[in-house]
Amino acid sequence: MTTQIRHRAIGEGIGVRLLVGAGLVLAATMFLIPILWMLSTALKPAKEVLIVPPQWIPSEIHWRNFVDIWGLGRLDTGIKNSAIMTFSSMIGVFCSAPLVAFGFSRLHFTGRDKLFVVVLATMMLPSQVTLIPLYIIYKNLRWLDTFAPFIVPSFFGGGAFFIFLLRQFFMTIPVELEDAARIDGCSTIRIFAQIFMPLAKPALATVGIFTFINGWNAYLGPLLFLSSPQKMPITVILANFKDVQGGVQYNMVMAAACAAVLPCILVFLIFQEYMVGGIALTGIKG
Amino acid sequence: MAAITRRLSPDARRNIEGYLFIGPWIIGFLAFMLIPFVFSLFLAFSEWTIAEPPQFVGLANFRELAGDELFWKALRITTVYVVLSVTLRVTIALTLATLLHQVIHGRRLFLTVFYLPVMFSGVTLGVVWGWIFPADYGLLNDLLRRIGIEGPNWLSDPALALISIIMMSSWRVGGMTVIFLAGLEDIPYELHEAAQIDGANILQRFARVTVPMITPIVLFNLVTSMIGAFQVFGEVQVLTSGGPYNSTLVYVLYLYRQAFNFFHLGYGSALAWVLFVLVVTVTALLLRSSKSWVYYGGVRV
């Protein structure tokens with residue numbers, strides 16, 4: 001807190017502070033406008049959507065749109081599929097990423113640091129490079145048009161970014177804690193499960209949130225590896241929603257967009273503390 | 001098992017334990033990364049349409065690329081997108097973070113607002129902005145009309161469609177803003193104080209204290225957003241599908257079409273490898289150039 005108060009002194013007098021405030025309010029308004037526009041269109045009756053100039057606020061709030069979208073274009077199936085894939089991959093990430101991160105941060109074995117460089121290098125690899133071979137591999141495993149490509153890999157490491165993030169966190173836990181437990185006869189796996197895991201709750205929350213958002217928003221993978229309409233996640237359903245609607249009923253399209261983004265926004269609003277902390281942790285303390 | 005491990009040397013036991021912990025990652029890395037990666041290199045030198053077994057064709061795919069007009073076009077479009085979108089986003093994020101750094105009250109609220117767009121998937125982003133850009137019914141031209149400008153037809157004009165996509169991308173800068181803000185907090189206040197005593201005004205202090213101290217984070221944001229920008233796909237696919245007249249045919253969209261619409265898996269792999277080499281090269285160039293403009297004086301990186 002003290003540093004924050006000192007930081008404020010950077011601003012010179014009331015004039016600068018007013019200017020800063022005005023700039024922020026203006027920027028925030030511009031950032032909010034697309035979201036408000038989405039919401040306003042989603043609540044419009046059909047006859048008010050195609051008006052020139054556009055009407056900013058609907059004359060009557062048409063909540064019914066949010067009821068009517070469910071039957072259209074398999075939106076409900078999409079949400080269900082996204083939820084299954086997202087939560088299953090979260091379980092996978094939680095089962096494997098902490099184990100691996102613990103190994104890379106607290107255990108001493110030959111080749112550890114070299115392998116960790118490999119973990120970091122894989123973060124830079126554009127996923128398109130492995131996409132075509134993965135398609136062929138999944139085809140041979142008969143995983144195409146199943147949820148396996150979105151769930152199974154997460155049980156094997158859970159993704160380089162999450163290993164990295166958890167490792168950074170485990171590194172901060174004092175070694176004395178570990179030593180004391182060892183003297184008491186604790187095995188490594190118990191030290192991991194009963195000391196490190198409970199301490200890592202904030203970092204695990206960050207990992208869980210990012211896994212949720214990545215899974216919920218995945219598009220290219222499902223587009224390639226799935227083919228049955230009843231298996232598509234919400235992203236693919238929404239991308240096709242416009243065509244289902246004949247490109248006219250934009251109030252319905254926007255209501256569907258609201259439904260697609262709402263889970264992520266809720267998760268963000270509830271857990272934002274962990275997210276902001278996690279981003280800052282990976283961003284500079286690498 | 002316990003009997004065996006007890007007979008092993010402490011070193012061997014440590015190794016076994018270590019590899020058991022990271023074992024899941026090793027399996028995942030081999031199965032879903034390394035093998036596909038090597039396979040993809042092989043495919044880049046092959047012709048394969050799934051129906052028949054792959055045939056090694058040497059450099060044929062790359063020779064074809066060299067003469068492929070759409071490839072060059074996609075590369076040009078993506079370069080423009082990467083340069084403009086990354087520059088714009090880094091500038092916006094640094095500006096927002098600098099402003100946020102000056103306030104205490106409401107900082108959290110503003111940060112929440114700036115971060116909200118990051119929650120939008122590429123698809124939702126494309127869908128929502130697809131309703132902002134339309135010439136008649138769209139919000140953007142309505143805003144322009146209110147200040148007396150007759151807005152253009154953003155998405156159907158080949159000269160403007162890519163600009164529209166870049167504008168849309170500039171909405172998602174929340175992640176970068178958070179990282180910049182964390183970096184600004186790390187600048188020791190003493191530096192500002194010293195400059196102030198020497199008579200530097202707020203702008204001079206920004207240019208001579210803040211900017212040099214923040215360069216390592218600028219580098220980090222440049223590299224990560226550049227890697228992401230080269231891979232832009234979902235929002236473009238939804239907003240314009242590469243049109244009009246291929247004016248927004250970004251690289252991954254072209255790769256996707258070649259590989260999964262036409263099932264040119266070998267050619268698609270060659271495209272993927274060119275992208276990979278490009279990303280690695282640009283990253284290396286940025287890191288190398290950083291020696292001349294990144295200041296590693298006081299910030300730990």
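## Contacts along chain A

Take the contacts in chain A between residues at least 6 apart in sequence: 76% of them join residues at least 24 apart. Here, two residues are in contact if their C-beta atoms, placed from the backbone, lie within 7 Å.

This is a predicted model, where local features need pLDDT of at least 70, side-chain atom pairs count only at pLDDT 80 or more, and totals for chains, interfaces and linings use all residues. Residues are numbered from 1 along each chain as its sequence is written, while chains are lettered from A and ligands numbered from 1 in the order in which they are written.

## Helices and overall shape

Chain A has 14 helices and zero strands. These elements are DSSP runs numbered from the N terminus (helices: H or I, at least four residues; strands: E, at least two).

The C-alpha trace of chain A spans about 75 × 65 × 35 Å along its principal axes.

## The nonpolar core

What is the size, in residues, of the largest nonpolar core? It has 161 residues, and Ile163(A) and Phe180(B) are among those with the most contacts inside it. Helix H14 (residues 250-284) of chain A gives the largest share of this core, 15 residues. Such a core is a set of buried Ala, Val, Leu, Ile, Met, Phe, Trp, Tyr and Cys residues joined through C-beta atoms within 7 Å; buried means that 20 or more other C-beta atoms lie within 10 Å of a residue's own, with C-beta atoms placed from the backbone.

Leaving out residues up to four places away in sequence, Ile163(A) touches several residues, including Phe104(A) and Trp25(B).

## Where the chains meet

The contact takes 77 residues from chain A and 81 residues from chain B. On the side of chain B that touches chain A, helix H2 (residues 10-44) of chain B supplies the largest share, 20 residues.

How values were computed
A residue is buried if 20 or more other C-beta atoms lie within 10 Å of its own, exposed if 12 or fewer, and partly exposed in between; C-beta atoms are placed from the backbone.
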